[in-house]
Amino acid sequence: MSQRAEHLLAAVDQLSYPRRMRELASAARRAAAEGAVDELLTGLAAHGVHGRRLAATVADMARHDAYLEGCLADPDRLVRAPAIKALRQGRLTDAAVIGVVEDAPAAVRQQLMHAIAVAGRTGLAEALVEPTYRRWGADAAAEVLAACTAKTVDRLLPRLFRGLDSYRLLAARHPALLLAEMERRLDTLPAVVREGWLASHADALAFLAGQDPLGVLAVLERYETLPMPVVRKLHLLVEADPGRTVRLLLRPKLRSWLNSGRLEPAVLRRLVRHAPAELTDLACAWNDNAAAVARLLAYLPPSRRSALFDAAMEGKDLAHADLSPALLDVLPYERRTAEARRIAMLARERGAHWTQILTAAAYLPPDEVRDDLLGAVHRSGADDRATAYPLLVRNAARSRAPQEVSRLLRELLRLRNEQDPVRSAALSALAEVRPSLFTEDAAEDLERIAVDAVEARDSSWSTRHALSRLALSVLREHAGRGGTRLIGWALDTLIRLSGHTGGANVGRLDTVLRRGQEYEVLAALRPRLEAATDKADYSLVFALVRALGRRAWGMTELQEYLWQAVQFGDDASVRTAVNLWLEQPKGRDERVERIVRLEPSAAVLPSVLSVLTGRRTDLLDPVLADTPPYGRFLTARSHWTPPTYRAHRWVPRQQRAAAELLARTAGDAGQPVQVRVQALSAAAVIPEAGLEVVRRYTGSSNVPLTEAALSALPWTDRPDEVLPQLLEHAGGDRARVAIYAATRAAQYVAPSRLATDLRRLLTPQDPRTVKVTSRKEAVRLAATMLPPAQAAPPLREAFELPGQHHDVRSVCVAFAQGMLAEPASWPMLESAAQGRTELRRTLARATVAEVDEEHRARYAGLLRRACEPLEPETAAALFPALAEWAPCSRRSPRCWWPPPRTLPIGRCGRWPGRSWWSSRRTTTARIFGPCGRCWKPQEIRTSPTPSPSATSRPGSGPRACCTTTATVAAAGRRRTCCCPPPTPLPGTRISRAPPPNSGCTPSN
């Protein structure tokens, strides 16, 4: 065994995680200088999982790429991680990567493909894309398509588009090709599915909006649609061409969405900045939406608002029209005053209610309406006063004169004797006043108002919330101005509202203060802070630290206050102080050590424990001891186990100690079941030792423990080894847990081995020995984790297995739809088309867009045959899907639907019900008239057709042995339209002759 490796492991055993990594880097440099890297790596890899992880890390530090190439397919993600990093950096050879991808487990293959695409390894992607497509299909090959050259993307994108999971990389590197392919597919799709297809692929358009906004605009204009992901990128379209974007929004199909006025601020700002000629049309479109027009005007400079307002109101008689307060608020001062005076005068002339008159008059100068407003606040009705007080407050605020606001505050002293609904309305309006309008002289009146509101017997939450908002706005505005009286009032009010519970909240000051003003705030508050901390009250300290955010990190005085709270505060204060003191990353490790030495039981506090388990692992041993660190924060005899989500950063002795603690908890019958179950889940992620703990309970007589152990097996460091053990439960009572756990384990098993393991479940000698759920999950695993050519034959065997459950067959059919290029898939689909209703319904779930173009005609034929015989139950299940498959593309003469024929729709004595005819009528309406103008269904005629063996008496109607046939007669005028003739529904005949006396001329 390598002495170099032994010395290194002994040296890092007692170090914290950061120091351990630095020591590994130093050892790697020394070994590289001495040419002993191979010796060091071999010695480290001999020490189990922990040693292999360290070896991969050292190989990355020493740039030993040959060793990392061997780590690419390692089932352990932490051994594989340095190799993936080297792959992204372009350090690994193409040949090594290609050799790993060939038979890599599903999880490893997906990670490698993603790394190749993100890194842009063009040569490697070019070598992999086509072999991957032939072996694994479009889904796997599409992952690396973005890293290929434009020529390759142009050639393969039509075949791989269906397999794209994310469009981000492809849209960034080949936007023109992606947009062209989307347009081509839209041309080939039936009109009835285009809107749904665009909605499902709207993410691609959203990504393309940043690369080719004009191309995206062309697509949106052509189909008059605006999917929600594109709405979020609408500002990019406006930036590219504001006029075209506005014209798009004004299209009839989008008018209803536009009228909702939901344009984002980013869109409105760009429209105002570019000021296209269509901006007036947009304002006119919002003629009846005052809120939307007000939002648009608010982004305009005041000098331009009147002109756009007049254009928006064109056609309205403004001389006799009322304007909403939202519009008056955004008009320039002179125009607003004139409009308000006019509206108030009109309201008086027509004898309107006093509230309507004063609502408009409140926009006039205070000297003109003060008497009227004061008279309103003195009315006898409380509801009237609750309406009048906000008008009085807003009138003073609109003047923007501090003296008017001071006069207002003196009037508001009357709120002392008001009811809370009146007081709440007045204070809510006062909280919206600009805080800069409050002067130092107003502090006394504000203090009286706040005290009266808080001490009122009926004081409500809304009143206190309004006071809090007012105090916060005043504090933010005057914190850096030196207004000590207003700052003092604001802090006193906040403390008065929150009491002494440590919940004081002064909002966010770091976003409003200039750099350096935080020290002025601290100087203004220092007397209060010192007085409070002398009484062990740290609520104001905590409130100030929260308000200053990151700025508090560099303020030594505040940090000392926090350390003082850790030392002398009560339990609640200590918890809060520890959380705030450890927010700053710099020096956090040293501060944690001080806390743990002061109070060992503080190690269980979440913020402290997070540092101990992730960085200061050298201080973790007392936490993992047989006796936990009982004390102030962990009472004696209380149960506690360490979190293990960062156990990969611990040394092996710490991992074994944690596994032993968890094993003891899992085996303690005195603990609640949920605690024992959680212990097993936590033990699973511990390398090596965790698997041993979990395996002890896979055969336990305690059902919850057994199921928890089975669920935890694939989360161990060796998921590939536990798959056979999980599959052994496929026929037992634990199948409900084991099979779904096997899904994760199968992701780490090589396909060559996985096929053998799954075949035993897919084709058992007696299907009854394997649960139906297990067989269905085995079908899914085979279809998603094996190459299609390797998966299709066992799926067919499972489908054709005698005595197979129909649910399993349905799953086989569902996954066979994604493997149409494999010959073994079509016999399953053909059999399903003539099978049970469940199988036919599964066939009908496939959409046109999900089937490759070369297979659509054949698949449409399957659906036609699935309608024979057309029983009511089958018809109700299949007819909604037929409307998508029947129509031809509007721009392509090709039709996927086979020639029509007359089909039986029901038997005498079993007439289809109302729901059958409803679905039939809806489907027919969607099929006829591709553009909605040319072809319209006229009638549905039914006639009895005797069967050769039918016997009937003269004069009698059709009997149970007769078959009823439906014929749809459609006629219409061929107007100006480019649509091809309609495609008939299966089981229908189309008559081009119009019904008698219809006045229509037959179409040519």
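In this predicted model, Arg496 counts as partly exposed, at 30% relative accessibility. Its side chain meets that of Glu447 in a salt bridge, with an N to O distance of 3.0 Å.

- The Arg496–Glu447 pair links distant parts of the chain, 49 residues apart: Arg496 belongs to helix 34 (residues 484-498) and Glu447 to helix 32 (residues 443-455).

- Glu221 and Arg244 form a salt bridge in which the closest N and O atoms are 2.8 Å apart.
- Because Glu221 lies in helix 16 (residues 213-223) and Arg244 in helix 19 (residues 242-249), this pair ties together parts that are 23 residues apart in sequence.
- Glu221 and Arg244 are both buried.
- A salt bridge also joins Glu278 to Arg247, with 2.6 Å between the closest N and O atoms.
- Distant parts of the chain, 31 residues apart, are linked by this second pair: Arg247 is in helix 19, and Glu278 is in the loop between helix 21 (265-274) and helix 22 (279-285).

**Salt-bridge network**
- Asp60, Asp65, Lys85 and Arg91 are linked in a network of salt bridges.

**Packing of helix 1 and helix 3**
- Two packed helices are described by the angle between their axes and the distance between the axes.
- For helix 1 (residues 3-12) and helix 3 (residues 37-45), the angle is about 65 degrees and the axes are 8 Å apart.
- The crossing of helix 1 with helix 3 is right-handed.
- On the side of helix 1, Arg4, Ala5, Leu8 and Leu9 take part, and they meet Glu39, Leu40, Gly43 and Leu44 of helix 3.
- Sorted by class, the residues in this contact comprise five nonpolar, one polar and two charged.

**Surroundings of Ala746**
- Ala746 lies in helix 46, which spans residues 735-746.
- With a relative accessible area of 1%, Ala746 is buried.
- Which residues are in contact with Ala746, leaving aside its neighbours within four places in sequence? They are Leu723, Leu754, Leu781 and Met785.
- The C-alpha atoms of Ala746 and Ala782 are 9.7 Å apart in space, while the two residues are 36 residues apart in sequence.

**Confidence of the model**
- The average pLDDT of the chain is 85, and 86% of the residues score at least 70.
- Over residues 888-917, pLDDT stays under 50; the model has 93 contacts beyond four places in sequence for this stretch.
- Residues 919-1004 also form a stretch where pLDDT stays under 50, and for these residues the model has 170 contacts beyond four places in sequence.
- Where pLDDT is low, the predicted coordinates should not be read in detail.

How values were computed: Residues are numbered from 1 along each chain as its sequence is written. This is a predicted model: local features need pLDDT of at least 70, side-chain atom pairs count only at pLDDT 80 or more; totals for chains, interfaces and linings use all residues. Side-chain values use heavy atoms; hydrogens and water are left out. A salt bridge is a side-chain nitrogen of Lys or Arg within 4 Å of a carboxyl oxygen of Asp or Glu. Helices (H or I, at least four residues) and strands (E, at least two) are DSSP runs, numbered from the N terminus. Buried means under 20% relative accessible area, exposed over 50%, partly exposed in between (1.4 Å probe, protein chains only). Contact means heavy atoms within 4.5 Å. pLDDT is the predictor's confidence in each residue, from 0 to 100. Axes are lines fitted to C-alpha atoms, for helices over the stretch in contact, and angles run from 0 to 180 degrees between N-to-C directions. A crossing is left-handed if the near helix is turned anticlockwise from the far one by less than a right angle, and right-handed if clockwise. Ala, Val, Leu, Ile, Met, Phe, Trp, Tyr, Cys and Pro count as nonpolar, Asp, Glu, Lys and Arg as charged, and the others, Gly among them, as polar.
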